[in-house]
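Colleague: Please bring up the model, and we will go through its aromatic rings.

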Amino acid sequence: QVQLVESGGGLVQAGGSLRLSCAASGRTFSQYAMGWFRQGPGKEREVVCAINVNGENTYYQDSVKGRFTISRDNAKNTVYLQMNSLKPEDTAVYYCAARLATYSGFYYRSRSEYGYWGQGTQVTVSS
């Protein structure tokens, strides 16, 4: 069982930066692949980025490539999302998600592949 708690959301002007954190409970965090998802107003929840168990392999949605960076610190049971050059279209509730990795090199991009979710943190980017 894993419990996830996001933090770091807020209101920022376009072009600004935020860093989200997701703290996980449990002693086996290093066995979990992690992902960040977001859900904008009236939209479906979509994958933003994902990372494998040791941070060597990552995936980014095209719209955030070069602006967002996912990382993890297994010693702190935490995954991060550094968001730079934020745009109004990045406005959404951001969720972190976790699943036991079947292979250490894998990351997962589909919402249905994750079994554990945080409560979400609101990110609002003003123009």
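Colleague: Which ring does the charged end of Arg45 sit over, and how far is it from the ring centre?

Modeller: This is a predicted model, where local features need pLDDT of at least 70, side-chain atom pairs count only at pLDDT 80 or more, and totals for chains, interfaces and linings use all residues. Residues are numbered from 1 along each chain as its sequence is written, and side-chain values use heavy atoms, with hydrogens and water left out. A charge sits over a ring if NZ of Lys or CZ of Arg is within 6 Å of the ring centre and within 35 degrees of the ring normal. For Arg45 the ring is that of Tyr95, and the distance to its centre is 3.7 Å.

Colleague: Which ring face does Arg99 lie over?

Modeller: Arg99 is placed at 4.0 Å from a ring centre. The ring belongs to Tyr108.

Colleague: How many aromatic pairs are there?

Modeller: Rings of Phe, Tyr and Trp (its six-membered ring) pair if their centres lie within 6.5 Å; planes under 30 degrees apart count as stacked, over 60 as edge-to-face and the rest as tilted. By this rule the count is eight.

Colleague: What is the angle between the planes of Tyr32 and Tyr116?

Modeller: Tyr32 and Tyr116 form an edge-to-face pair, 6.1 Å centre to centre. The angle between their planes is 70°.

Colleague: Is Tyr32 buried or exposed?

Modeller: Buried means under 20% relative accessible area, exposed over 50%, partly exposed in between (1.4 Å probe, protein chains only). Tyr32 has 5% relative accessibility, so Tyr32 is buried.
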